[in-house]
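Hi everyone, thanks for coming. I'd like to walk you through a structure that may be new to you, so please have a look at it first.

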Amino acid sequence: MVEEIKASELNPEEFISRKIEEIKSTVGDGIAINALSGGVDSSLVTMLGHKALNERLLTYFIDHGLMREGEPQHIVDLFANLGVKVELVDARDEFFSALDGVEDPEEKREAITRTFYKDVFGRLVRESGAKYLMQGTILTDVDETIAGIKRQHNVLSQLGIDTEEEYGYETLEPLIQLRKDGVRKVAEAAGLPEEIYNRMPFLGPALAGRVIGEVTPKKIETVRKATVIVEELLADSGAFQYMAILHKDRVTGMRDGAREFGQQIEVRCWESIDARTATPTRVPHEVLEKIADRLVNEVPGVVSVTYNVTAKPPSTMEAV
Ligand code: XMP
C-alpha cells in the first residue's frame with residue numbers, strides 16, 4: 001500500500017532534497033537509466049535523477065514512432081538547453097512489428113510494455129551496465145492498474161512483474177506517492193520550464209492509444225495530423241486534456257461530387273483535476289465546426305468528425 005502525499009500537503013523543495021538523497025543512497029556509485037517522453041512525470045524523474053547522479057544517469061528518448069509531430073527532437077533539444085544530455089533511440093521498426101495485427105486494447109498495451117521494458121530497455125541496460133531503471137509511475141497509474149481499469153504501461157511490480165528477475169534491472173519510482181497536481185508543483189520547483197510542468201498529459205502508449213483497432217504507420221500518420229489540428233484549435237480552451245481518436249469503422253462521405261467511404265475522427269476534450277473522473281468541455285459549436293472543417297480538408301481520408309459528450313465514468317479519457 002503506497003501512502004499518498006497530497007498536493008496541498010506537499011513541500012516541493014523538501015520533497016526534491018529527500019528524493020535526491022534516496023536516489024543517491026540506492027544507486028551508490030552505480031549507473032541508472034531512464035526513458036524521457038517529455039511528459040511532466042518522466043521529465044521530473046529525469047531532473048531528480050540528473051541532480052542526484054549527474055552523468056551516471058543515462059537518459060534515453062525512445063522513438064517508438066508513436067509520438068506526436070516533431071516531439072522526439074523537440075524534447076531532446078529542450079533538455080539539452082537545461083544541460084541534460086538525452087540520447088534519441090530509433091526503435092520505430094521494433095514497435096510497429098510488435099503491434100502488427102494486434103487489435104485488442106489490452107494486447108496493444110501489453111505489446112508496447114513488452115517491447116519497451118524487455119526488448120529496448122533490456123538491451124540498453126545490458127549495453128550500459130545499469131542496474132537501476134528510474135521511472136515516473138504516479139499513484140493514479142497504480143490505482144487504475146490495480147482496479148483493472150487499464151494497464152498503465154509503466155506499472156510493473158503491481159502486476160507481479162519482478163523486473164530484476166525478468167528484465168535484469170531494479171526499478172526506482174520516486175513519484176509513486178504523488179498525483180499529477182503534486183508532480184506539477186515539484187516539477188516547477190525543480191526548475192523545469194512551464195511548457196513541461198504545465199504540459200497536458202499524454203499517454204505512455206502515445207498515439208497507439210488513439211487508434212482503435214490495429215496500429216499501422218499509415219494510421220499513426222493520420223491521427224498525428226489530426227492531433228496537430230485538434231491541439232492547435234483547443235490550445236486556448238483551458239481544458240485538462242484534448243485529443244483526436246481515429247476510428248476503425250468507415251462511413252460513407254462525399255468529396256468532389258464522388259462517393260468516398262472514409263475514416264472518422266472523434267474529438268475529445270476533458271475537464272478534470274486528477275484524471276480519475278472527467279467531464280466533457282462545453283466547447284463552443286463554432287470551434288467544433290472549425291476543427292471538423294480543418295480535419296476533413298487537411299487530413300487525407302477523413303470524411304466524418306464527432307465530439308464525445310460522455311463523462312468519465314463510464315467513459316475513460318482515452319479510447320483504447
Ligand atoms: P483514462 O483513459 O484511463 O486516462 O481515463 C486517464 C489519464 O491517464 C492517461 N493514460 C495513460 N498514461 N500510460 C500513461 O502514462 C497509459 O497507458 C495511459 N492510459 C491513459 C490519459 O491520457 C489520461 O490523462
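Let's begin with lysine 24, which sits in helix H1, residues 12-27; helices (H or I, at least four residues) and strands (E, at least two) are DSSP runs, numbered from the N terminus. Before I go further, this is a predicted model, in which local features need pLDDT of at least 70 and side-chain atom pairs count only at pLDDT 80 or more, while totals for chains, interfaces and linings use all residues. Residues are numbered from 1 along each chain as its sequence is written, and side-chain values use heavy atoms, with hydrogens and water left out.

The axes of H4 (residues 92-99) and H5 (residues 105-128) come within 9 Å and cross at roughly 145°. Here, axes are lines fitted to C-alpha atoms, for helices over the stretch in contact, and angles run from 0 to 180 degrees between N-to-C directions. On the H4 side, the contact uses Glu94, Phe95, Ala98 and Leu99, and on the H5 side the residues include Lys108, Ile112 and Phe116; contact means heavy atoms within 4.5 Å. Sorted by class, the residues of this contact are seven nonpolar, one polar and four charged. For the classes, Ala, Val, Leu, Ile, Met, Phe, Trp, Tyr, Cys and Pro count as nonpolar, Asp, Glu, Lys and Arg as charged, and the others, Gly among them, as polar.

Now please find helix H6, residues 139-146. Six of its eight residues are buried, so H6 is largely enclosed by the rest of the structure. Among the buried ones are Leu139, Asp141 and Glu144.

Then there is the loop between H9 (194-197) and H10 (217-234), where we find arginine 210. Arginine 210 has a relative accessible area of 1%, so it is buried. Its contacts, leaving out residues up to four places away in sequence, include Phe202, Gln241, Met243 and Glu318. Alanine 206 is in the loop between H9 and H10 too. Alanine 206 is buried as well, at 0% relative accessible area, and has a positive phi of about 55° although it is not a glycine.

Asparagine 54 also shows a positive phi of about 55° without being a glycine. You'll find asparagine 54 in the loop between helix H2 (40-53) and strand E2 (57-63), and at 43% relative accessibility it counts as partly exposed.

Finally, which residue classes line the largest pocket? Its lining has six nonpolar, three polar and four charged residues. H10 gives the most to that lining, with four residues.

The peptide bond from lysine 312 to proline 313 is cis, with omega near -15°, and the bond from proline 313 to proline 314 is cis, with omega near 10°.

That's my tour, and I'm happy to go back to any part of it.

Technical notes: Buried means under 20% relative accessible area, exposed over 50%, partly exposed in between (1.4 Å probe, protein chains only).
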